[in-house]
Amino acid sequence: MRTIWQIALIMAFYGAGEFTARLTHAPLPASVIGLALILIALHRRWIKPGQLRDGAQGLLGRMLLFFVPAVPVLIEHREFVSMLGVRLMLAVAIGTVLVMVVTGAVVQMVARADD
Amino acid sequence: MIDWAATALWSAITLASFAVTRAVHRRRPRWWLMPLITAPLGIALILLVFHVPYSTYRAGAGWLLWMLGPAVTAFAVPIYDQRAMIRRYWRSLLAGMITGSATSFISGWALAGVLGIDGPLRLSLLPRSVSTPFAMAISAEIGGMPDITAVFVIATGILGALLGEAAVKRGIPSGRTAQGAMIGVAAHAIGTAQVQPLNPRVGAVAGLAMVLTGLLNLALAPLALWFLRG
């Protein structure tokens, strides 16, 4: 029950983010404004991290589920079941490995300089 | 007008396929049994067998996808918990996010060129390393196809999550900050969710890197596109 209330509180911050985005026409997603609002509220000690932690864990732990409804769109794109699909996956795979190698190496190098 | 019966039906099917595939994956932890691969496959089969168009399914189960927004907001809590570490390593994180995002855009563009992928499909490939709400916004802005970008985002996330998990378990790279940044920048929320249980610090860095990379990409996408087009 506590988790549900905390999720509702996080969604209220998200709603405030949505409201702010509409009001100011800020080119930022509501989720990011909501995140910033929570950080401000925690920093100013308007709320304690303990008042959100279970709710945050509840949402973050279900994140993979939230991605599921995006994937079956592929049934409308039979053209991907072909060499085109293979080429696209190849581009995604090589690109992902490159990004991981570059990011990991750069952060490791600069972080060592930080220590 | 919301069709409550259809919403209940398609939501229940989505939740049930996720629960079943997750139980299967817990028993047999093979990569190809990941719920994010098998659950959509099951749903797609149901849609095909009963001749249901994707738009009908999406109208019913789309609110789950909408929940990604509040979930991104929830990353505020682990980010706040790790603020001391972030304050210490912000320089390296920023460097990693900038070079990682640049690599993502440039490699996406170049690989599509080499592999003969062009037009809106090529543009849809570019924002794949950032989380879905960001990526779909960027894709729309630069003339890609947001729905298709979402699929690339998820494919990228699955691959990055698997590689990232293997790397964290083997301690590559050796620093926890570098591991988190690598996963957050390359594999956004899917990678972050995968490594969160392994190490809270890696998870928090990944969450922060993911959110900031999304913002950075949103700001730089039009610029990057203009540059690539020459």
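**Chain B and its contact with chain A**

In the predicted model, Leu36(B) touches residues of both chains: Leu64(A), Phe67(A) and Val68(A) on one side, and Ile154(B), Ile158(B) and Ile190(B) on the other, leaving aside residues up to four places away in sequence. Leu36(B) also belongs to the largest nonpolar core, a set of 103 residues. Within this core, Leu36(B) is listed with Ala71(B), Ala74(B), Ile154(B), Ile190(B) and Ala209(B) as the residues that have the most contacts. As a general background, nonpolar side chains tend to be buried together in soluble globular proteins.

The fold of chain B may be described next. Chain B contains eleven helices and zero strands, and its pattern along the sequence reads α-α-α-α-α-α-α-α-α-α-α. The radius of gyration of chain B is 18 Å, close to the 17 Å given by the globule rule for 230 residues, so chain B is as compact as a globular protein of that length. Taken along the principal axes, the C-alpha atoms of chain B fill a box of roughly 50 × 45 × 35 Å. Of the 230 residues in chain B, 53% are buried.

Chain B is divided into domain 1 (4–66) and domain 2 (73–229). The C-alpha centres of these two domains of chain B lie 25 Å apart. Four residues of domain 1 of chain B are in contact with four residues of domain 2 of chain B. On the side of domain 1 that touches domain 2, the four residues are nonpolar, with no polar and no charged residues present.

The contact between the chains takes 57 residues from chain A and 81 residues from chain B. On the side of chain A that touches chain B, the elements giving two or more residues are helix H1 (2–24), helix H2 (30–43), helix H3 (53–60), helix H4 (63–67) and helix H5 (83–114) of chain A. H5(A) supplies the largest share of this side, with 22 residues. By class, the side of chain A that touches chain B has 44 nonpolar, nine polar and four charged residues.

Chain A is likewise assigned two domains, domain 1 (1–71) and domain 2 (77–115), and their C-alpha centres lie 29 Å apart. H2(A) has 14 residues and reaches 20 Å from its first C-alpha to its last, close to the 20 Å expected at 1.5 Å a residue. The buried residues of H2(A) are Ala30(A), Ser31(A), Val32(A), Ile33(A), Gly34(A), Leu35(A), Ile38(A) and Leu42(A). Just after H2(A), Arg45(A) takes a positive phi of about 65°.

A loop position in chain B was also examined. Gln196(B) lies in the loop between helix H10 (176–195) and helix H11 (200–229) of chain B. Gln196(B) counts as buried because 20 other C-beta atoms lie within 10 Å, and the cut-off for a buried residue is 20 or more. Leaving aside residues up to four places away in sequence, Gln196(B) touches Leu60(A) and Gly203(B). Gln196(B) and Leu33(B) are 163 residues apart in sequence, and their C-alpha atoms are 20 Å apart in space.

Terms used: Residues are numbered from 1 along each chain as its sequence is written. Chains are lettered from A and ligands numbered from 1 in the order in which they are written. This is a predicted model: local features need pLDDT of at least 70, side-chain atom pairs count only at pLDDT 80 or more; totals for chains, interfaces and linings use all residues. Helices (H or I, at least four residues) and strands (E, at least two) are DSSP runs, numbered from the N terminus. The radius of gyration is taken over C-alpha atoms; the globule rule is 2.2 Å times the number of residues to the power 0.38. A residue is buried if 20 or more other C-beta atoms lie within 10 Å of its own, exposed if 12 or fewer, and partly exposed in between; C-beta atoms are placed from the backbone. Two residues are in contact if their C-beta atoms, placed from the backbone, lie within 7 Å. Ala, Val, Leu, Ile, Met, Phe, Trp, Tyr, Cys and Pro count as nonpolar, Asp, Glu, Lys and Arg as charged, and the others, Gly among them, as polar. Domain bounds come from an automatic or database domain assignment. The expected span of a helix is 1.5 Å times one less than its number of residues. A nonpolar core is a set of buried Ala, Val, Leu, Ile, Met, Phe, Trp, Tyr and Cys residues joined through C-beta atoms within 7 Å.
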